[in-house]
Amino acid sequence: MTITNGTHALTGKSQPHSSAASTSKFLKTSASVQILGCDFSGGQGKAGVDQGPSQLIQAGLQKQIAQLGWNVGYEGNERYERIVQEFAGKDADIGQMKNPRTVNAVARSVADRVEAISKAGDLPLTLGGDHSLGLGTVTGTLRSHPSAGVIWVDAHADINTPLTTDSGNLHGCPVSFLMGLEGCDVAPFNEWVQPLLKPEGIVYIGLRDIDVEERKILKENNIKCFSMHHVDKYGIGRVVDMALDHLNGNSGRRDRPIHLSFDVDGLDPSVAPSTGTPVRGGLTFREGHYICETLHETGCLVAVDIMEVNPSLMEQRDAEATVAVGCSLARSALGETLL
């Protein structure tokens, strides 16, 4: 399904077709975004995160993005549902890893779609589902934009390996696979996953719940991390500037493609309560949106993920609030501004 640019929700005036892509340095000029809805929960154990993408779509996200001047395509969950069904009841643990074959196959399919969309000059907007999907989305981006940097907004580092994970939930491991860390050269992932992400190519924002082994991995690899302590100390504006400076080699330029992977648990639970692993002391509503707005302003965004919206975990009001925040984060990353 494709929706072309429409009218502004407040003024009713037609939005200029080229507005969304006019500042983009890497997308084609026709301002097209392809939404990938991936209702997937296999990377963790709580039911309901597989409802997040469909809830975002039902909340009107396609039309909202079209009103910003984008041509909007949408691909639903059918291809991933078939994969889940294929492995249902026959996906035994491999070591500590839970649902490894399902996670592997879904991430591989997502990687192929993100790569194809990116190479066509469009922006892939992936709606999760759990953050194990980041293995697929970032792989797809780095295949099409090998120099891209990643900004990973999350309460958690998601950099456990199959050797360090206590839970075995693979939504806590995608970054380690992307980097090819020790213990990640395992079947079935080693059939296709390559270490395309370098330690200097990712920056975290919003960390506040990191496992002991993850902390060691982050320090040993000298990975740039801005925890909530840094947000408190420097303010979100300075943190985003430092993140972009790091990814651009402290050159002062803003010319490196950027993949934004945003887990809504990066926000404080008072803002996004209906998510699987909420942690107090997170980003405020405005801090989360500032990240998205500023990355859009660079003209360097080539892919966006909105992950871990789980509308089944809270009462209707909190679930609806979390869905609304997921939609507004996506809009901000695609050009919505306060004025």
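Reader: Quick one to start: where's Trp70 placed?

Author: This is a predicted model. In it, Trp70 sits in the loop between helix H2 (61–66) and strand E3 (71–75).

Reader: Buried or exposed, that Trp70?

Author: Trp70 counts as buried, because its relative accessibility is 2%, and the cut-off for buried is under 20%.

Reader: And which backbone oxygen lies 2.8 Å from a polar atom of its side chain?

Author: That of Leu334.

Reader: Switching to rings. How many aromatic pairs does the structure hold?

Author: It holds 1 aromatic pair. The rings are those of Phe177 and Phe189, with centres 4.5 Å apart and planes at 40°, so the pair is tilted.

Reader: Which parts does the pair tie together?

Author: Phe177 lies in helix H6 (residues 174–179), while Phe189 is in the loop between H6 and strand E6 (202–207), so the pair links parts 12 residues apart in sequence. Phe177 counts as buried at 3% relative accessibility, and Phe189 counts as buried at 1%.

Reader: OK, cysteines now. How many disulfides does the count come to?

Author: The count comes to 0 disulfides. Take Cys173: its nearest cysteine sulfur belongs to Cys184, 7.3 Å away, whereas a disulfide needs the sulfur atoms within 2.5 Å.

How values were computed
Residues are numbered from 1 along each chain as its sequence is written. This is a predicted model: local features need pLDDT of at least 70, side-chain atom pairs count only at pLDDT 80 or more; totals for chains, interfaces and linings use all residues. Side-chain values use heavy atoms; hydrogens and water are left out. Helices (H or I, at least four residues) and strands (E, at least two) are DSSP runs, numbered from the N terminus. Buried means under 20% relative accessible area, exposed over 50%, partly exposed in between (1.4 Å probe, protein chains only). A polar contact is a pair of N or O atoms within 3.5 Å; within protein, one must be able to donate a hydrogen and the other to accept it, and residues adjacent in sequence count only if both atoms are side-chain atoms. Rings of Phe, Tyr and Trp (its six-membered ring) pair if their centres lie within 6.5 Å; planes under 30 degrees apart count as stacked, over 60 as edge-to-face and the rest as tilted.
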